Structure formats: structure tokens, C-alpha cells
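Here's a quick walk through how this structure is put together. Take a look at it first, then read on.

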Amino acid sequence: MTTHVMRALASAIALTLCTALGAAAQERPAADPPSSDLDRAQAAFQAGRHAEALASARRVADAAPTSVRALTARAGMAEFMGEFDEARTFYDRAAGLAPDDAETIYRTASFAVRVGEYDRALTQLDRLLALHPGHVRWLFQWAPTRFQAALLRDHPSLERIVQLKLDILTEKGDLEQARRLARAYAIVQPGQNYCAQARERAGAERDEVFRAFRLATLGQPDATDCIWWYGQWLSDEGYVRLGRLMVIEGSRATASAANKESGVRYVRIRLGRNREVPKRAEQLFLIARQRYLRDGDINGASRLFDESIRLAPAFARPYNYRAMIAADLGDREGALAWLQRALRADPDSWRTHRNLGRLFEALERYPEAEMHLRKTVQLFGDDAGGRLALARVLYAQGKYDDFAKEARAAVAFLANWRAPVPEVRDFLAKFDRWGPGAALPPAPDPHVIMGWNYD
Amino acid sequence: MTNRTTVVLLLGVALALAPATIDAGTYRSVDAQGNITYSDRPPQPEETRAPAPEATPVPEVKVPDARPALGAKARDVKASAPPTPIARTGPTKVDELLELSGARAQLVGLLNGLASELRPAPGQMSAKDQASVDRILRQVLRHEAVYALVRDAFLLHVDRTNLEATAAWLRSPLARKIVALAIASSEPGTEQKVVAYAATIKTNPPTDRRVELLQRLDWATAATEISADLVAAVSRGITTAVSGAGPAEQRLRPGQIEDRVAQVRARANGALREAHMASTLYAYRGLEDEELAAYVLFSASEAGRWYNSAMRKAMVSALGRAVDQTAAELVRAVPLDRWRAPRRLRRSR
């Protein structure tokens with residue numbers, strides 16, 4: 001046995017070392033040498049070295065304060081990194097230097113939409129339209145729908161205007177007007193089954209899924225399930241504002257009383273009910289999440305999460321991420337404090353109860369873990385992962401009958417979703433045969449229902 | 001696997017009083033004051049003396065049917081000295097418990113094995129770097145220091161009633177016999193013996209009851225799980241240190257490290273489970289079914305579960321801290337670019 005175990009250890013060490021050392025020694029593929037500092041900054045950005053890219057772009061813009069390209073590059077990278085004040089400053093400077101530059105105007109408008117400054121965005125779009133020749137403007141504003149597809153194809157900047165206006169109308173909650181606009185500019189066509197197309201794309205790249213569901217929402221007002229799933233998908237992605245609008249729209253339009261009730265519950269326990277989350281706060285949260293998960297930028301992410309919390313104190317998600325960062329750094333007490341703040345901000349947050357339960361479980365504070373995990377499955381009865389976590393906590397406290405009941409319920413539910421959790425089944429079989437063992441039961445967390453997997 | 005790497009890691013099993021995994025190069029000696037020392041070199045004549053005889057009678061075993069009789073199979077097992085019971089004058093101390101269970105001895109073997117695995121092969125790096133690595137391994141993976149971590153971590157989980165029940169079991173003739181078998185099963189050449197034994201199993205398979213008892217033992221002690229936890233702790237320490245020492249843009253965030261550790265653990269768990277049956281069949285071939293049943297019964301008792309749980313936490317915590325420090329110091333002393341791929345990978349190419 002010794003040797004078998006040593007083999008496992010040796011393999012693990014070798015694997016770990018090889019992976020780690022291999023990654024460390026890996027050389028990036030040679031690229032064409034950058035022709036300028038700005039090119040170097042953009043190459044770094046393309047390579048995913050975002051912080052380095054922004055630092056370079058700052059130097060370049062400072063050294064060339066009259067270069068529209070340098071100022072716009074800095075603004076774009078700052079926007080991408082969630083440094084919104086800096087982005088605004090440099091977009092404005094670029095626009096001041098090139099007031100009729102279509103690209104600068106468009107990016108300024110797009111940035112305004114990102115931070116929820118819709119009136120400002122519309123003003124910019126009007127300026128962008130004004131740059132087009134008179135006959136093009138006339139056609140864009142007055143020509144029948146059958147001419148618009150070709151017009152937008154020939155003038156991509158016009159399509160950009162339409163798409164941004166669709167976003168603005170949708171985000172402001174005026175879905176009817178957005179649908180009229182989409183029809184008027186042939187963005188959606190009658191008779192198309194956009195919903196079916198969107199369902200086919202489930203699991204595709206994010207942008208593709210996003211576009212497909214967006215079209216379904218605009219083109220098929222009666223496809224309530226699709227609108228509903230769009231809302232839940234957006235919620236998973238972190239777009240809580242639009243997600244809430246879509247879930248509410250799907251619930252409003254559905255004929256099913258059960259679905260209406262489910263929608264109300266979803267908004268309450270998953271999207272903070274009617275707690276206001278300004279667009280800027282939402283976007284800061286989204287970017288902070290990326291800076292942490294993608295870049296490992298703890299300081300930058302923490303600062304943006306904190307800013308998001310300042311702008312939207314009742315928005316539970318950034319607190320949960322601050323807790324995650326603390327826990328990842330080994331500060332479990334700090335994580336606990338963040339989660340408790342999250343719960344004060346939004347007592348019905350299913351995710352917060354779930355995270356608290358799991359954290360208390362890790363701290364072996366089982367009674368508190370049980371309390372929060374019971375609340376978790378009470379809020380969302382189909383949460384099989386939460387139920388398995390509850391089962392584990394019950395087992396740890398010697399509540400074996402309750403453990404078996406919850407674990408079996410979760411296993412039965414997951415079987416319907418083709419998630420067999422064999423490790424849990426195996427554990428239950430042994431438990432039934434031999435009684436309690438020394439190890440705690442496994443508590444996997446399979447992602448089976450869209451809208452309940454990420455924050 | 002070389003002799004120097006024939007070490008202990010199966011603390012899961014070992015600490016659960018299952019087959020221990022003592023390094024072939026681990027030696028136990030008792031000095032003139034009765035202090036027990038473990039070392040990876042043989043005791044010298046002047047520093048060794050015979051263990052003192054037991055000062056107190058062995059307490060009554062609280063496990064039913066714990067018959068001390070040795071069967072025919074047991075006589076085939078090379079006799080190995082079980083840990084010497086410590087004289088009792090009051091409540092059992094944690095040190096005594098760890099001594100009785102063989103955990104302390106097994107820790108030495110584990111650390112020796114770990115150091116061996118982390119030590120670069122000759123020629124992998126410069127002599128100076130090699131010397132730095134050796135020095136760090138000697139200093140940080142020092143047996144007594146890590147043992148102190150284990151003891152301190154174990155103390156956090158002490159439950160007096162369960163501790164005394166466990167100690168009573170460990171002082172029983174049957175438990176001592178099991179520890180002896182565990183030691184015997186970790187002597188040099190065990191791997192070959194297990195392989196040979198596994199071949200005989202094909203023609204002379206174990207009884208269903210035997211298989212059931214061993215499966216149940218693994219369930220009751222969580223031996224495989226504990227071993228996988230230890231592998232995960234080692235993986236975590238190495239990954240964290242190497243990632244932290246690498247270029248900033250390639251560093252893993254803590255959550256990503258945990259994901260990788262989970263993958264390593266899952267892989268190790270599978271391998272450990274596969275090896276478990278043959279290894280335990282070999283290690284416990286000297287036990288009668290009734291003896292094994294008694295062992296299972298203790299392991300499944302409240303005291304047994306407490307002991308295994310507390311030991312699991314203590315070992316994982318202590319080993320994790322030791323590996324964290326070791327790995328951090330290694331990559332600080334010898335930068336990553338002066339390490340080459342581990343020898344195991346190079347050999348497999």
C-alpha cells in the first residue's frame with residue numbers, strides 16, 4: 001500500500017511541478033515587433049496583459065496629448081478596466097480634438113450607454129447621424145422598412161446607431177418602442193422563429209447567445225419562455241438590470257400563473273427585488289469580477305467592487321465577491337464579515353445564504369451552516385447543490401436521518417437533469433449498508449438550471 | 001520507485017491504524033533517559049538501548065471479540081515490534097496517543113519520502129543550488145518541528161472521552177498487533193510482495209466477507225480520503241509557491257489554485273481507491289476475519305470516527321503548513337528558471 005500511495009503522491013508532485021514549471025517557463029509566441037509605443041500597448045492588450053497595456057497607454061497619451069489615436073486608446077483601455085472617470089476624460093479630450101470623427105463619437109456614445117448616461121448617448125448618436133450626407137439621413141429617417149436593410153448594410157455606422165438606440169430603449173424599459181424600432185429597421189423580420197434559433201445556440205459563445213436571445217426578445221414578443229430564459233441567462237452573466245427587466249417581461253407576458261409566481265420569486269431572491277442598481281454600479285461589478293477572475297487583479301478588483309457597493313449599497317453581489325476574495329486569500333473571518341454585510345443589504349439573497357452556509361461549513365460552524373443552507377433550499381427548492389451542502393452539514397452533526405432525506409431528494413432531482421452525481425449515490429449506498437463513516441459526504445454543485453449558477 | 005522514495009504517505013490508512021507506511025529508512029531508538037527518537041539513519045550502538053518493559057498492564061479492550069490469537073497467516077508475517085505502550089499514571093496525553101498509534105513514526109517516513117520526491121535528481125541543477133535545496137528540506141521538513149504542528153493541530157480537536165476510548169483500544173493486544181502488521185507491510189520490497197500477492201489472489205481469491213470487511217474498514221476510517229487530502233495539501237503548497245514565483249501575468253489567483261488542487265486530488269483519489277484492496281489484503285493477511293471485524297467495529301464507533309477525523313485535520317493542517325513553507329523557500333532560494341522539469345516527467349518522455 002505504501003508504494004501505491006507513494007506513486008499517487010509522486011505523480012501528484014510531478015504533475016503539479018510540471019504544470020507549474022511548464023507554465024512558468026512557457027514562452028509566448030514571437031510577434032511582429034511593435035512599431036510604436038502605442039502599438040506595444042495595444043499588443044499587450046490583445047495579449048491579455050491589460051494592466052500593462054493601460055499603463056503603457058497612459059504613458060503614450062501623456063507623451064502625445066494631441067494624438068486622437070493615443071487618447072482614444074487610453075480611454076478605451078480605461079473603460080475596459082472599469083476606470084470610468086479616466087475613460088470619460090480622455091474620450092472628451094479626443095472628441096475635443098476631433099469633433100467630427102465618427103469613430104470617436106460612436107465610442108463616446110457607447111461609453112455613455114455603458115455607464116447609463118442615456119441622454120448623453122442619444123446626443124452623440126444625433127451628432128453621428130449628422131455626419132452622414134443629407135440623402136442618407138433622409139433615407140434613414142423616412143424610407144420604408146424594405147429599403148433599410150440595404151441602407152444599413154451600405155452604412156455600417158447607421159446600424160451602430162440603431163443597435164445602440166435599441167439598447168437604450170430596452171435598458172430604459174421601453175421594450176415596445178425598441179421592438180418597433182427593430183422592425184422599422186429590419187433588424188428583426190416577421191415570420192422568423194428567433195426563439196428556436198436562440199435555443200439552438202444555448203452553450204455557444206456568450207456574444208452569440210446574447211445576440212440570439214436579444215433578437216428573440218425584440219422579434220417575438222409572445223415567446224415568453226425565451227424572454228424568461230434570456231433574463232435568467234443575463235442574471236447568470238451579471239447583467240442584473242437587463243436580466244430583471246427580461247424576467248419581469250417574461251412573467252408579465254406568460255399565461256401561466258405558476259410562471260408568474262416563479263418570476264416574482266426569482267426577482268426577489270436572485271435579483272434583489274426592486275433594489276436600485278445604477279448602471280454604472282452594475283458595470284463596475286462586472287468589470288471587477290473579470291479583473292479578479294480573469295486577471296487575478298485583487299487590488300484593482302477590490303477597488304471596483306467597493307466603488308460598486310458605494311454606488312449601490314443594497315446590491316448583494318459585490319459583497320459576495322469581496323467575500324470570495326477574502327476566502328481565497330485565507331481570510332475566512334473577513335469573508336464572513338462581507339457575507340454578513342451582504343445579508344444586511346439584501347436579506348432575501350439566495351446566493352448570500354448559500355455562500356454563508358458553505359463558509360460556515362468550511363469553518364465547521366455547523367449549526368449556523370445548517371441555518372443558512374436550510375434558508376437556501378427554502379428560497380429555491382430546486383437548488384440540488386445547496387441541498388447536498390445541507391445534507392453534508394447535517395451528516396457532520398450526526399443528523400443522519402435528515403442527511404439521508406436531503407441527499408436522496410437532491411439525487412432524485414438531479415437524475416431528472418441527467419446529472420447522476422455517482423459519488424453521492426456511492427456514499428449513500430455505503431451509508432445504507434454500513435452506517436456512518438469517518439468521511440463527510442461529497443457535496444458536488446452541478447450546474448443544471450440556467451440562471452442559478454453564477455453571480 | 002527507489003528505496004529512498006519508498007516512503008509513507010498513506011497516512012490515511014496508517015493513521016487509522018491500518019497498514020502503516022513506514023519508510024524503509026526510518027529507525028526508532030530509545031535513549032538512556034527513555035526518550036524515543038525517530039531518524040532516517042540507523043541508531044548507533046552507543047545511543048541505543050532496549051525499550052523498557054511495560055510498567056502497567058494493558059487495559060481491557062472495549063471492542064468485542066478482539067481475540068489476541070494469531071492465526072497461521074499471522075505467523076507468516078515478519079515480526080515487527082509494535083510501538084511500546086507508555087506507562088500510564090493519569091489521563092492519556094496526546095503525545096502518548098500519537099505514539100501508540102504509530103502516527104509519530106509514520107510522520108517521519110512521510111517527511112523523508114516527501115523530501116525525497118522534492119529533491120532534484122543529480123544533474124538537474126547546479127551543485128550550489130542542489131545544496132540549497134538539501135539544506136531547506138532538512139530544515140523545514142524537520143521531523144520534530146512537523147510533529148509539533150501535528151500535535152498542536154490535534155489538540156484543537158481533543159475530546160477527552162473519545163481520546164481515552166481510543167487510547168484503550170490502542171493499548172489492546174489486537175491494536176498493537178495491527179500496528180505491527182502495518183509496520184511490517186511497509187518494509188523494503190513491499191511493492192513487489194504486494195504484486196506477487198495480488199497474483200495469488202487471482203487463483204485464490206479472498207472470501208466475500210474479507211472483501212466486505214476491508215471495504216467497510218476504508219469506509220469507517222476514510223483512509224483513502226485522508227490520503228487524497230494529503231496529496232491535495234502537497235499539491236496546493238507547490239502550486240502556490242511556483243505560481244507566486246512566476247511572472248505576474250501568469251500567476252494563478254487563489255481560486256484557480258484550488259481548482260487545480262481539486263483536479264489533482266480527484267486523480268489521486270481514483271488511483272488510491274484502485275490500489276486499496278490489494279494493498280490492504282496484503283497488509284492484513286495476518287489478521288483473522290474476527291480480528292478485522294473488531295478493528296472495523298472500533299473504527300466505526302464514535303471514538304474511532306473521532307480519532308480518524310481529528311487525525312485527518314491535524315495531518316492535513318500540519319503537512320500543508322510544512323509544504324507551504326518548504327515550497328516557498330525552495331523557489332526563493334532557487335529561482336524557477338534554474339529548475340528543470342521533474343525527473344519523473346523527463347523519464348516518461
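## A helix pair in chain B

H11(B) and H14(B) run roughly parallel to each other, because their crossing angle falls in that class (under 35 degrees; over 145 is roughly antiparallel, 65 to 115 roughly perpendicular, the rest oblique). The axes of H11 (residues 223–245) and H14 (residues 302–333) of chain B come within 8 Å and cross at roughly 25 degrees. Axes here are lines fitted to C-alpha atoms over the stretch in contact, with angles from 0 to 180 degrees between N-to-C directions; helices are DSSP runs (H or I, at least four residues) numbered from the N terminus.

The contact includes Ala233(B) and Gly237(B) from H11(B), and Leu319(B) and Gly320(B) from H14(B) (contact: C-beta atoms, placed from the backbone, within 7 Å).

## About the model

This is a predicted model, where local features need pLDDT of at least 70, side-chain atom pairs count only at pLDDT 80 or more, and totals for chains, interfaces and linings use all residues. Residues are numbered from 1 along each chain as its sequence is written, with chains lettered from A and ligands numbered from 1 in the order in which they are written.

## Domains of chain A

Chain A splits into domain 1 (194–264) and domain 2 (279–434), with bounds from an automatic or database domain assignment. Their C-alpha centres lie 25 Å apart.

## Around Ala216(A)

Leaving out residues up to four places away in sequence, Ala216(A) touches Tyr194(A), Cys195(A), Ala198(A), Ala223(A), Cys226(A) and Tyr230(A).

Key: Contact = placed C-beta atoms within 7 Å. Helix = DSSP H or I, 4+ residues; strand = E, 2+ residues; numbered from the N terminus.
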